[in-house]
Amino acid sequence: MSTSTTLDGARTGSTPVVLGGTRAALWLFGTVLLGVALYYFIGIDQGATSVFGNDTHVHEFVHDARHFLGFPCH
Amino acid sequence: MERHFIVRGMAVGAIGGLLAFLFARIFAEPQIQKAIDYESGRHTAQSALDKAAGLAVEHEHAEPFSRAFQGNVGIGVGIIAFGIAMGALYAVAYALACGRTGKVRPRTLALLVAGGGFLALYLIPFAKYPANPPAIGHEDTIRERSGLYLLMVGISIVVLVAGAWLGQRLQARFGTWNATLLAVLACAVVLGAVMLVLPSFGELSANVEAYGHHATETPLPLRDAQGRIVYPGFPADTLFAFRFFSVAAQAVLWGTIGLCFAPLAERLLGPRPDTNAAPATV
């Protein structure tokens, strides 16, 4: 846990600033990366672009989800 | 603190994804099946027309996963993983919003951030480029369509974040209520202008060349050489139902994220009567 965590707003009932330091920034950055990677593989990969080359397994596997989640599909 | 948020965000995202999947399995799958039936019926009619005209008949390629697998396992994995992704991004957004969005209780902020995620990552892009069932969408425009869709998602995120910032700036001068209204109005104007400028999928050059000017890529009736309709256009009711359920499923997902995260955030951040020293480690 980050030691520079401040809980200024704890007594007033509103939300305090909770972030501090490089550790927090790294955690948040890593999380965003993970989220975006998942978003990419479910929604985009093997549609317009593909990281595994000319193959359709990812696309076909999540095919119904991709349509239903609003991503453009073939 | 941020790790507590991330773990909880991904957990509530998984729960939201699970509920959205159950919803999709019950309501969306029948619509997807109808769309696929329409597609194969149309393909058969097209083949008959091509044969009559003496053209080479296209063969459908074999799919690596069966329909039953796609419609039960694939959609489940896809939507739950999407839920986890959204939960992760949600947790980051929540952590960043804490203490930067005025006097809001942790619980209320949880709902506001979920509402923002629903709007920015789904509903606003949907307003311009709505979800489509199978059979809608031409293979040769997938690049442009994906690019435009992601562009719309990106713009929505930027505009909503800027709107939240603007609201904060205006708050001192106009008060919370009026500042919020002004910020919402500014977002609506900018997003409306962007949607006017971006092309519709039917207006992409490949489509205009092949089909003429249409708003979307929804299949038109199939006609024979004499212009008689031999196969109908895509059923409007199926399209509506699919899109409506798509919006509803995302509302379930984001609603679950907001409502489940709210009490967790309250416990992590809220005032504790006995001690203010350390946040709960549970």
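1. How much space lies in the largest cavity? The largest cavity holds about 80 Å³ of space. A cavity is a set of points on a 1 Å grid over the protein atoms alone where a 1.4 Å probe fits but cannot get out, and lining residues have an atom within 4 Å of a point. Its volume is the space filled by probe spheres set on the points, which are joined across faces, edges and corners.

2. This is a predicted model, in which local features need pLDDT of at least 70 and side-chain atom pairs count only at pLDDT 80 or more, while totals for chains, interfaces and linings use all residues. Residues are numbered from 1 along each chain as its sequence is written, chains are lettered from A and ligands numbered from 1 in the order in which they are written, and side-chain values use heavy atoms, with hydrogens and water left out.

3. Lining the largest cavity are 13 residues, of which A:F71, A:P72, A:C73, B:P130 and B:N132 are the closest to its centre.

4. Between chain A and chain B, 44 residues of chain A are in contact with 70 residues of chain B (heavy atoms within 4.5 Å). The two chains bury about 5100 Å² between them, 71% of it on carbon and sulfur atoms; buried area is the accessible area (1.4 Å probe) that two parts lose on being put together, summed over both. A:T15, A:F61 and A:F68 supply 16% of the area that chain A buries against chain B, more than any other three residues.

5. One salt bridge is counted between chain A and chain B (a side-chain nitrogen of Lys or Arg within 4 Å of a carboxyl oxygen of Asp or Glu). The side chains of A:D64 and B:R67 form a salt bridge at 2.9 Å, N to O.

Technical notes. 1 Å grid on protein atoms, 1.4 Å probe; cavity = no way out; pocket = protein on both sides within 12 Å on 5 of 7 lines; lining within 4 Å.
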